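Me: Could you walk me through reading the salt bridges and the strand pairing here? Let's take it one feature at a time.

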Amino acid sequence: MAGVLLCVAAGFVFSSGTFTMSDLLAIALYVGLAAFAWHPTTAAFTVVLISCVGVVPTGSGGDLLELALTLSLVSATGAPWLIVTHATLLMALTAYVAIGGETLAGGGIFSIAGIATIAFLIGIGFRLVAARETVLVAERARITMDLEELAREDQERIADELHDGIAHDLTLVLFHARALPKQPDEEARQVSLSTIEESAERALRSIQALLSLMRDIDAERPKSANRYGGDVIRAIVTLGGLLNDAGIPTRVSTPSPPVNLTQATELILIETAIEAVTNIIKHAPNSHSASIEIHSQSECLELSVKNTFTALTPRSEVSSTGRGLARAEQRVAQCLGHLKHGRTAEGWNLLATVPSSQDKNTHPYGGA
């Protein structure tokens, strides 16, 4: 619009062959109107200044009318104080013209007031539409972020199930399948065959549950954390047996009183123990010995998993992504605990420390 007005003003100047002060003020006013698209405050002051120059010396009603119409742009883009300032100046200039000259016809003050009111309401309308659009855009962005976060959580849960459940079972299958031809007696062979069968069945059930979940959002979510009945003592005893069956003499130590943990913390410890034992079978199958211990303190509980091997012990060729231990650290941190792991002089050690609690009814991952 400002561009069209500038072209019209230039046409009048060209047709008249002269360039007057009025032409200069008109062009400057149109440039000020165009500036509302980039810097409303500067544009408003420019329009006010030009209008004052046109109204005060000459008493021009046209400049007064332009100032009233400009109130729509100021109310649509300016700050509240700028709107008040513009309206106040418009009233002052209108009173000046009405008192000092005959530019305004009878009832002209009311005409200017009506035009200014309509311009103000139009500007406020545009402002409300722009504000509503901004709110809608922000809400859409928030909903998109929430949906992305839900998708990431589902991906993480599926990845955890693949890693903690299926990968653990397949590791046992792979280990015993490799060891089966080397078993010295029939009893050891039966142990390996039984472990392979049970682990393969568990892995198959987990895969079927995951496929059902991916196809049907209402399907029951698989929960590898419910292995061993959600009982950490039962879990480490069973895991110790798995290491013994794998040919790694393992010592299991548990506290005599029941552990004092929330359900969520107990499940996280089970997942951590599964990760540690799986790593031993995958990456140190020729370990000389191992131990899984739970130590109960006054305000915390410690899970310790160790294995010993010599520097000459060959390392398994199974690749590792490092995801398991990283996720274990995140989970332990969720229950306000901490996890340490790494090489020692004798082998490898993992130590998880979690706080004790009286609440045994908390669902894992913060649910009720």
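Predicted model: local features only at pLDDT ≥ 70, side-chain atom pairs only at ≥ 80, totals over all residues.

**Salt bridges and a sheet**

Me: Which residue does arginine 142 meet in a salt bridge?

Reply: A salt bridge needs a side-chain nitrogen of Lys or Arg within 4 Å of a carboxyl oxygen of Asp or Glu. Here the partner is aspartate 146, at 2.8 Å from N to O. Both sit in helix α6 (residues 108-179), four residues apart, about one turn of the helix. Helices are DSSP runs of H or I with at least four residues, strands are E runs of at least two, and both are numbered from the N terminus. Aspartate 146 is partly exposed too, because its relative accessibility is 37%.

Me: How many salt bridges does a search of the whole structure find?

Reply: Five. One of them joins glutamate 271 and arginine 331, with the closest N and O atoms 3.3 Å apart. That pair links distant parts of the chain, helix α9 (residues 263-283) and helix α10, 60 residues apart. Glutamate 271 is buried at 5%, and arginine 331 is buried at 3%. Elsewhere, salt bridges with shared partners tie Glu139, Arg142 and Asp146 into one network.

Me: Now the sheet: what is the strand order?

Reply: Two strands pair if DSSP finds at least two bridges between them. The sheet is open, with five strands in the order β1-β2-β3-β5-β4 and mixed pairing. β1 (250-253) and β4 (338-343) are at the edges with a single partner strand each, so one side of each has no neighbour in the sheet.

Me: How do β1 and β2 pair?

Reply: In the parallel sense, over four bridges, with β2 covering residues 289-296. Serine 253 stands opposite glutamate 293 in β2. Glutamate 293 also forms a salt bridge with arginine 251, at 2.3 Å from N to O. This pair links β2 and β1, 42 residues apart in the chain. Glutamate 293 is buried at 9%, while arginine 251, at 48%, is partly exposed.

Notes:
Residues numbered from 1 in each chain as written. Heavy atoms only, no water. Buried < 20%, exposed > 50% of the residue type's maximum accessible area, 1.4 Å probe, protein only.
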